[in-house]
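Dear colleague,

Please find below the structure that I am handing over to you, followed by an account of what was found in it. I would be grateful if you read the two together.

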Amino acid sequence: MANAFVAAFEILSFGAIIVLIVLGLGIIASMMGIFNFAQGEFVLLGAYITYLAYAKGLPIWAGMVAAPFVVGALGFVLEALIIRRFYAAPIVAMLGTYALGLIIRETVRGLIGGFYLTVPEPIGGSIDIGAMHISAWRFTIIVITLLVMVCCYLLLSRTNFGLRMRATLENPSLARASGISTPLMYGATFAFGSALAGLAGALIVPVFSLYADLGLRFLIQGFVAVMVGGVGSFIGPVAGAGVIGTLSAALPWVMAPVVADVLVFVLAIVFIKFRPQGLIAGRGV
Amino acid sequence: MPKSMGAVKQAIPAEIGGEADVAMGGSGTAGQAASGRKVLPIVEGVVLVAALLAPLVLQDYLTVFATRVIILALFALSFDLVWGYAGIMSFGQALFFGSAGYGVALLARDLDITNIFLVLPAGTLIGLTFALLLGGFLLLGRHPSSVIFVSLGTLTGSYAADRLARGWYYLGGQNGIPSISSMTLGSYEFSEGPSFYYLVLGILIVVYLLCRFLVRSQFGLALAGLRENEQRIAFFGYKAQHLKAIIFAIGGAVAGLAGSLYAFHEGFVWPNMVGVVVSTQVVLYVLFGGSGTLIGAVIGAVIVEGVSFWLSDNYREVWPIILGVLLLLVILFRPLGLISFVLGERERVGSFGARPKETEKEKRNAAP
């Protein structure tokens, strides 16, 4: 019983991490039609900023709060300078963002060297329920993920900003005619997606520690999750991330980890092949 | 947000044209100077002479390095066939390269087979088989697959293979398979050095000529059409998906050949060889050199590897950053690669073999 509970918690917390990482990826892919290969490096940057704050003696919380804003600002600048040129050609966009990611990753690698740098958890210790102990920080990640999901949903579906964003993406010329600045909205969407990646990086760095390939590790999983969930809505990629995250965490409990690892990808690709629209095909938020 | 699946789907037929437009934009100023003389044969000739003379002027350890570059050029050729000529973004080309490498390494380790006439065909066959399986699955089917799906599917395949190789004890796990014995011809052993170099160069030349024949044939014309506008080619009655699967399989075979040579030349195989790193490496070669020209792929491999070898002593940490910046610049401002500085658009597209009678009408329709 206790083991099953711990297993369930592990699976849930890993699923939450994947959801957190995929949120930004999914928003950019769904709304802008761009599969951002640099997203993993945005995650890495978020983690790096948190580490910097810790290394400079600032509270870790400060780094975690700063990370999304810094990475979001960087995303805004990159969109204006580079990403903007790629909207017509998704494959070129992949290659271009890959190059961007390479630059960021290797720069960070140069800064931190080939090391694994640990950042302590801002909330240490464990929560004890009877005989069971679960990590307090992982629990916090689950809670924050839920909060962020709800906030994103509300932002996109209930606010004026969300409405303008959706209008821009559904019909740019009509949006322009209605007085919405579409370049600004594209920039804002990309910045928003980047900021989410930065936040994800900041939150997961105590769990995975900081190393240059941190983002790469999640990138392909993220892409697969977006495709499984279905490009085009907010909910789709989140659902996909839930499925992929849960599967990748759950399967190693019942079979050899190597087989499980590969099996998740194979299952996902087969699923996408026969259901290209993904789990949730609907439009809207 | 509601710009969802529909919009993505609509974008797919358009995007091939879109890329072509982007591509055209960059090449306007390029060569093809007033005389109208062909540049391509000159470039090919220069590269060939340089390659033939290289071992005579290079020191021994540089010849070994040059051999590796030639093998990687062969690998780049396979990606160029798939991306440059058919417009299939294969982000997992290393899967065929590496699996062939692993295949021949296992042949050498477990069955003691190192005869060149057995291992090279075996490697080619492994690459071909894997490419047929993966390509057939990703590309064929009732509904044409989106380019995004194909590129992410190949990427995922390569990543999954990497993870499998890392975790599978039989394949050596993280360490791969070390100390593969030399490739043999009768009692002669190909060891690193000039003999291996000329062997690899000879293979490259043969494969290059075959590819050149292929892309200049009617099949190549259909592929070029596929790259520029897949929908139109489908409307002409070509089985676009079959064409894609065929060229994907051929690309896989060439990658397999390169992979088996690489395994014997380096003497070991390791999980990176099937993974994402090598897959993206080959994309870099071709983008740098110039996709859609076979010689561009070769030049790209030589330049990227050469410069990284040259810089790696003093600037090991900075080099990947420079590489990324250069790649970004090439994608933004020179989408046809370095070769577009000397090669005009018209010559890049080139002309194709004799028209077969039965398709005369379609070609007339396609002309305007």
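**The hairpin of chain A**

In chain A, S1(A) and S2(A) form a hairpin with two residues between them, and Gly130(A) in the turn has a positive phi of about 60°. Helices and strands here are DSSP runs numbered from the N terminus, helices being H or I with at least four residues and strands being E with at least two. Strand S1 (residues 126–129) and strand S2 (residues 132–135) of chain A run antiparallel and are joined by four bridges; two strands pair if DSSP finds at least two bridges between them. Within this pair, Ile129(A) stands opposite Met132(A) in S2(A).

**Basis of the model**

This is a predicted model, in which local features need pLDDT of at least 70, side-chain atom pairs count only at pLDDT 80 or more, and totals for chains, interfaces and linings use all residues. Residues are numbered from 1 along each chain as its sequence is written, while chains are lettered from A and ligands numbered from 1 in the order in which they are written. The model scores ipTM 0.85 and pTM 0.83.

For chain B the mean pLDDT (the predictor's confidence in each residue, from 0 to 100) is 80, and 86% of the residues reach 70 or more. Residues 1–35 of chain B have a pLDDT below 50, yet this stretch has 82 contacts in the model beyond near neighbours in sequence. Two residues are in contact if their C-beta atoms, placed from the backbone, lie within 7 Å.

**Chain A**

The secondary structure of chain A comprises eleven helices and two strands. Read from the N terminus, the order of elements is α-α-α-α-β-β-α-α-α-α-α-α-α. The C-alpha atoms of chain A fill a box of roughly 60 × 50 × 35 Å along the principal axes. The radius of gyration of chain A is 19 Å, which agrees with the value near 19 Å for a compact globule of 285 residues; the radius is taken over C-alpha atoms, and the globule rule is 2.2 Å times the number of residues to the power 0.38.

Of the 285 residues in chain A, 52% are buried. A residue counts as buried if 20 or more other C-beta atoms lie within 10 Å of its own, as exposed if 12 or fewer do, and as partly exposed in between, with C-beta atoms placed from the backbone. Among contacts in chain A with a separation of 6 or more, 75% are between residues 24 or more positions apart.

Ser209(A) lies in the loop between helix H8 (182–208) and helix H9 (214–229) of chain A. Ser209(A) has a positive phi of about 60° although it is not a glycine, and it counts as partly exposed because it has 15 C-beta neighbours inside 10 Å.

**Chain B**

Chain B has 15 helices and two strands, and buried residues make up 50% of its 368 residues. Of the contacts in chain B between residues at least 6 apart in sequence, 81% join residues at least 24 apart.

The largest nonpolar core has 206 residues, and those with the most contacts inside it are Ala73(B), Leu74(B), Ala76(B) and Leu77(B). Such a core is a set of buried Ala, Val, Leu, Ile, Met, Phe, Trp, Tyr and Cys residues joined through C-beta atoms within 7 Å. Helix H10 (residues 240–266) of chain B supplies the largest share of this core, 16 residues. Leaving out residues up to four places away in sequence, Ala73(B) touches Leu204(B), Ala297(B), Val298(B), Ala301(B) and Val302(B).

Two loop residues of chain B may be set side by side. Met273(B), in the loop between H10 and H11 of chain B, is buried, with 26 other C-beta atoms within 10 Å. Beyond its neighbours within four places in sequence, Met273(B) is in contact with Ala94(B), Phe97(B), Gly98(B), Gly101(B) and Val278(B). Asp112(B), in the loop between helix H4 (93–111) and helix H5 (116–139) of chain B, counts as exposed, with 9 C-beta neighbours inside 10 Å. Phi of Asp112(B) is near 65°, a positive value in a residue other than glycine.

**The interface**

In the model, 44 residues of chain B are in contact with 50 residues of chain A. The largest share of the side of chain B that touches chain A, 13 residues, comes from H6(B).

Yours sincerely
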